[in-house]
Amino acid sequence: MQNELGFPFGYWEAKAKVDLEDEMRKKFNKEYPKSNILFEDGIQAVLYQDGQRVSAIDIADENALNDLLQQFIVVRFSS
């Protein structure tokens, strides 16, 4: 996803003391974009890209968190 200047970006939804799956469902029912969005609640993180759930990790797993954040911020160019 790119803004009007052509810069790639994503959305980050930080939630606390909620059912993260329920919160994601509510957001998507309100037509939140699934192009590049990261949800986290301080315990787990879930990444959606290109309309698909691509990763769900335990934030305490530093390697998994690093990989997820890299995937979230990597610029992907479409041809």
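Which strands are included in what covers the buried residues of helix 1? The cover includes strand 1, strand 2, strand 3 and strand 4. Here helices (H or I, at least four residues) and strands (E, at least two) are DSSP runs, numbered from the N terminus. A residue is buried under 20% relative accessible area, exposed over 50% and partly exposed in between, with a 1.4 Å probe and protein chains only.

This is a predicted model, in which local features need pLDDT of at least 70 and side-chain atom pairs count only at pLDDT 80 or more, while totals for chains, interfaces and linings use all residues. Residues are numbered from 1 along each chain as its sequence is written, and side-chain values use heavy atoms, with hydrogens and water left out.

**The whole chain**

Begin with the entire chain, coloured by secondary structure. The chain has 2 helices and 4 strands, arranged along the sequence as β-α-β-β-β-α. Of its 79 residues, 29% are buried. Contact means heavy atoms within 4.5 Å; among contacts between residues at least 6 apart in sequence, 34% join residues at least 24 apart.

Next, colour by pLDDT, the predictor's confidence in each residue from 0 to 100. The average for the chain is 89, and 86% of the residues score at least 70. Confidence is lowest in strand 1, with a mean of 93, and highest in strand 4, at 97.

**Helix 1**

Select residues 20–29, which form helix 1. Its buried residues are Leu-20, Glu-23, Met-24, Lys-27 and Phe-28. Viewed down the axis of helix 1, these residues fall within an arc of 130 degrees, so they line one face of the helix. The arc is that of the directions from the helix axis to the C-beta atoms.

At the start of helix 1, select Asp-19: one of its side-chain oxygens reaches to within 3.0 Å of the backbone nitrogen of Glu-21. A polar contact is a pair of N or O atoms within 3.5 Å; within protein, one must be able to donate a hydrogen and the other to accept it, and residues adjacent in sequence count only if both atoms are side-chain atoms.

Now select Lys-27, which lies in helix 1. Is Lys-27 buried or exposed? Lys-27 is buried, with a relative accessible area of 13%. Leaving aside residues up to four places away in sequence, Lys-27 touches Glu-13, Lys-15, Tyr-32 and Phe-39.

**The aromatic cluster**

Show the rings of Phe-28, Phe-39 and Tyr-48, which ring pairs link into a cluster. Rings of Phe, Tyr and Trp (its six-membered ring) pair if their centres lie within 6.5 Å; planes under 30 degrees apart count as stacked, over 60 as edge-to-face and the rest as tilted. By this rule the count is 3 aromatic pairs.

The ring centres of Phe-28 and Phe-39 are 5.5 Å apart and the planes stand at 85 degrees, so this pair is edge-to-face. Phe-28 belongs to helix 1 and Phe-39 to strand 2, so the pair ties together parts that are 11 residues apart in sequence. Both Phe-28 and Phe-39 are buried.

The rings of Phe-28 and Tyr-48 have centres 4.8 Å apart and planes at 70 degrees, so this pair is also edge-to-face. With Phe-28 in helix 1 and Tyr-48 in strand 3, the pair ties together parts that are 20 residues apart in sequence. Tyr-48 is buried, as is Phe-28.

**Two loop residues**

Move to Glu-31, in the loop between helix 1 and strand 2. Phi of Glu-31 is near 65 degrees, a positive value in a residue other than glycine. Glu-31 is exposed, at a relative accessible area of 71%.

Then select Asp-50, in the loop between strand 3 and strand 4. Its phi, near 50 degrees, is likewise positive in a residue other than glycine. Asp-50 counts as exposed, at 56% relative accessibility.

**Helix 2**

Finish with residues 62–73, the 12 residues of helix 2. Where is the cap at its N-terminal end? Asp-61 provides it, with a side-chain oxygen 3.2 Å from the backbone nitrogen of Asn-63.

Ala-64, Leu-68 and Phe-72 are the buried residues of helix 2. Seen down the axis of helix 2, they fall within an arc of 70 degrees, so they line one face of the helix. On the other side, Glu-62, Asn-63, Asp-67 and Ile-73 are exposed.

Terms used:
The expected span of a helix is 1.5 Å times one less than its number of residues.
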